[in-house]
Amino acid sequence: MEALAKRRKWFSLFAVNLGNFAPPLDTGIMSLILPTIAINLKAPIELVFWVPLESLIITASFMPIFGRFSDAHGRKRFFILGLALFSIGAYLSGNSQTIYELLIYRVIQALGGAFILSN
């Protein structure tokens, strides 16, 4: 029984670390592929600059609020909600056809990232 508890503890640590690694990695990758986004979506560069910037602004703005919510209502629930929102936002962002869709879906993804990082 003790071996199972120890294994579960390591699995939880791995999942939390992997979850906390994804949002900053995603923002960094988005900054690198801005020219590709501009070309593929035929978007003006003034709008393309907002793709990583809005993610950083939203994540920084909502982290204290979501941290307070998770303190009051349980961290696990909000961490899983953050993973789900982040995943849904990433899927939708990858399938967006216009720059405006991409910007909206990145808001969803950034809210998920704020849930993840606040825990």
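How are H5 and H6 oriented to each other, roughly parallel or roughly antiparallel? The two helices are roughly antiparallel, a term used for angles over 145 degrees, whereas angles under 35 degrees count as roughly parallel, 65 to 115 as roughly perpendicular and the rest as oblique.

The model is a predicted one, in which local features need pLDDT of at least 70 and side-chain atom pairs count only at pLDDT 80 or more, while totals for chains, interfaces and linings use all residues. Residues are numbered from 1 along each chain as its sequence is written, and side-chain values use heavy atoms, with hydrogens and water left out.

The chain contains six helices and zero strands; helices (H or I, at least four residues) and strands (E, at least two) are DSSP runs numbered from the N terminus. The C-alpha trace spans about 60 × 30 × 20 Å along its principal axes. Of the 119 residues, 33% are buried, where buried means under 20% relative accessible area, exposed over 50%, and partly exposed in between (1.4 Å probe, protein chains only). Among contacts (heavy atoms within 4.5 Å) between residues at least 6 apart in sequence, 74% join residues at least 24 apart.

Two packed helices are described by the angle between their axes and the distance between the axes. Axes are lines fitted to C-alpha atoms, for helices over the stretch in contact, and angles run from 0 to 180 degrees between N-to-C directions. Helix H5 (residues 75–94) packs on H6 at an angle of about 160 degrees, with the axes 7 Å apart. The H5 side includes Phe-78, Phe-79 and Phe-86, and the H6 side includes Tyr-105, Arg-106 and Phe-115.

A second pair is formed by helix H1 (residues 2–32) and helix H4 (residues 50–73), which pack at an angle of about 155 degrees with axes 8 Å apart. H1 and H4 are therefore roughly antiparallel as well, and their crossing is left-handed. Thr-27, Met-30 and Ser-31 in H1 meet Val-51, Pro-52, Ser-55 and Leu-56 in H4.

The largest nonpolar core has eleven residues, among them Met-30, Ile-37, Val-48, Val-51 and Ile-99. A nonpolar core is a set of buried Ala, Val, Leu, Ile, Met, Phe, Trp, Tyr and Cys residues joined through side-chain atoms within 4.5 Å. Helix H2 (34–40) and helix H6 (99–117) are the elements that give two or more residues to this core. Leaving aside neighbours within four places in sequence, Val-48 is in contact with Leu-34, Ile-37, Ala-38, Ala-43 and Ile-99.

Ile-37 lies in helix H2 and counts as buried because its relative accessibility is 10%. Beyond four places in sequence, Ile-37 is in contact with Met-30, Lys-42, Val-48, Val-51, Ile-99 and Leu-102. Lys-42 is found in the loop between H2 and helix H3 (45–48). At 73% relative accessibility, Lys-42 counts as exposed. The phi angle of Lys-42 is near 50 degrees, a positive value in a residue other than glycine.

How values were computed. A crossing is left-handed if the near helix is turned anticlockwise from the far one by less than a right angle, and right-handed if clockwise.
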